[in-house]
Each structure stands twice: as structure tokens, then as C-alpha cells.
Amino acid sequence: MFLARSPVAGPDARTRILDAAEAIVRGRGVAQLTLEAAAREAGVSKGGLLYHFASKEALLTALLGRMAEWLRQDFAATFAEQPAGPGRATRAVLAWGFGQAPEAINERSDRAAAVFLAAHHHDPALLDPARAVIGEFRAAIAADGLPPGHGPAIMAAVDGLFMARIFNLYTPTPTEREAMHVVLGRLLAPETPR
């Protein structure tokens, strides 16, 4: 007697739909994201998609919620790797922007950019979950124990690199990236009396 093989469990339909929607936006642009296209790409019927997401707005809301939660978890993991003490949250931001290989940062930036731009294109209010998470980061930096302006300057620089990447404005050379990392790292050092 032969035993039937258990099928290998893959992502659930909801996850496949979200992944498909993100892939459509990244690969073909926001205008190409329709419920039909997302269903087709995910390998589900339109009815199956509508079971999980009643509208394009619901789909985008879920994409933003997933991205916001990913940002929160990724930052928390990076924060946990930093030594305790003043500047911990700001060191996490700096590590987040510079501590990984550029390819990993670019992949993350591309995914976030696709979701952010799709949501902003549809309805800027959909970005509220991401704004809330970024507000949490800013609050942690404000309470970080660094001199005024140091943490926000590092966060603004990291955000600027993200914007340069997603809008394809410029790509710093490896030498430029390293120099920026060093200069920003100096803002983490305690100020010396003059």
C-alpha cells in the first residue's frame, strides 16, 4: 500500500495575494495593480481574492499594514543588536541604513518603495500605518540621550538615501557611502566641551 504524500504547505492565499500585489507594483507599476491582476498573479480566483480583500483599497491597506509591521520588527531586531546606553536607537537607525550590504538595503528599499508609492498614489491617508511606525522611531531617537539634533540628522540622512534610491536620483559610490557612514557615526559620539 502506498501512502499519499502530504502536499508541501506554501504561503496561504492571503499572503500569496499580498506578495502578488507587491510584485505587480514593483515590476509593472502602480497603474497595473488591479484586483484581477493580483488574483491572476497569486493563482486564486477573483472571488478568492475578494474573500480576503473586498477592494483595491483594502488590498493596499493590508500591504501597508504588512510593510509597517515588517519595519517595526526589523528595526526592533536592529535595535536589540545595539549596546545599551545613550544613542542606542540612533545607532540602530545608522546600522539600519549602512550596516547591511547595499544589495540587502536596496531590496528592502525597493519593496518599501513599491508599497509606499502604490498607497500614496491611491490615497495618501493609507500611509498612516507607516507614519505611525516612523513616529515611534522618532520618539525613540528623541529620548535617546544624544545632543539635540544629532539623532534626527542621522535619521534624515538615512531617509534621504532611501529617497535617492527609490526615485533613482543618485547612487553613492561605495567610497561615498563609507565616508557618509563615518561622518554620521561621529554624531553618536558625546560632544566634547569647547
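Let's start in a loop: Asn 168 sits between helix H8 and helix H9 (174-186). Helices here are DSSP runs of H or I with at least four residues, strands are runs of E with at least two, and both are numbered from the N terminus. Asn 168 is not a glycine, yet its phi is positive, about 50 degrees. Buried or exposed? Asn 168 is exposed, at a relative accessible area of 65%. The cut-offs: buried is under 20%, exposed is over 50%, partly exposed is in between, with a 1.4 Å probe and protein chains only.

Some ground rules. This is a predicted model, where local features need pLDDT of at least 70 and side-chain atom pairs count only at pLDDT 80 or more, while totals for chains, interfaces and linings use all residues. Residues are numbered from 1 along each chain as its sequence is written, and side-chain values use heavy atoms, with hydrogens and water left out.

Now helix packing. Two packed helices are described by the angle between their axes and the distance between the axes. Axes are lines fitted to C-alpha atoms, for helices over the stretch in contact, and angles run from 0 to 180 degrees between N-to-C directions.

Take H5 (residues 88-98) against H8 (residues 150-166). Their axes lie 9 Å apart, at an angle of about 20 degrees. That makes H5 roughly parallel to H8. On this scale, under 35 degrees is roughly parallel, over 145 roughly antiparallel, 65 to 115 roughly perpendicular, and the rest oblique. The crossing of H5 past H8 is left-handed, so the near helix is turned anticlockwise from the far one by less than a right angle; clockwise would be right-handed.

Who makes the contact? From H5 come Thr 90, Val 93, Leu 94, Gly 97 and Phe 98; from H8 come Gly 151, Ile 154, Met 155, Val 158 and Leu 161. Contact means heavy atoms within 4.5 Å. By class, H5 with H8 gives seven nonpolar, three polar and no charged residues. Nonpolar covers Ala, Val, Leu, Ile, Met, Phe, Trp, Tyr, Cys and Pro; charged covers Asp, Glu, Lys and Arg; the others, Gly among them, are polar.

H8 also packs on H7. Those axes come within 9 Å and cross at roughly 145 degrees. Ile 134, Phe 137, Arg 138 and Ile 141 of H7 meet Gly 151, Pro 152 and Met 155 of H8.

Next, charge pairs. How many salt bridges does a search of the whole structure find? Seven. The criterion is a side-chain nitrogen of Lys or Arg within 4 Å of a carboxyl oxygen of Asp or Glu.

Asp 19 and Arg 66 pair at 2.7 Å, N to O. Asp 19 is in helix H1 (residues 13-28) and Arg 66 in helix H4 (residues 56-80), so the pair ties together parts 47 residues apart in sequence. Asp 19 is partly exposed at 36%; Arg 66 is partly exposed at 25%. A network of salt bridges links Asp 19, Glu 22 and Arg 66.

Arg 72 bridges to Glu 136, with the closest N and O atoms 2.7 Å apart. Arg 72 is in H4 and Glu 136 in H7 (residues 128-142), so this pair ties together parts 64 residues apart in sequence. Arg 72 is partly exposed at 29%, and Glu 136 at 38%.

Last pair: Asp 128 and Arg 131, 2.8 Å, N to O. Both lie in H7, three residues apart, about one turn of the helix.
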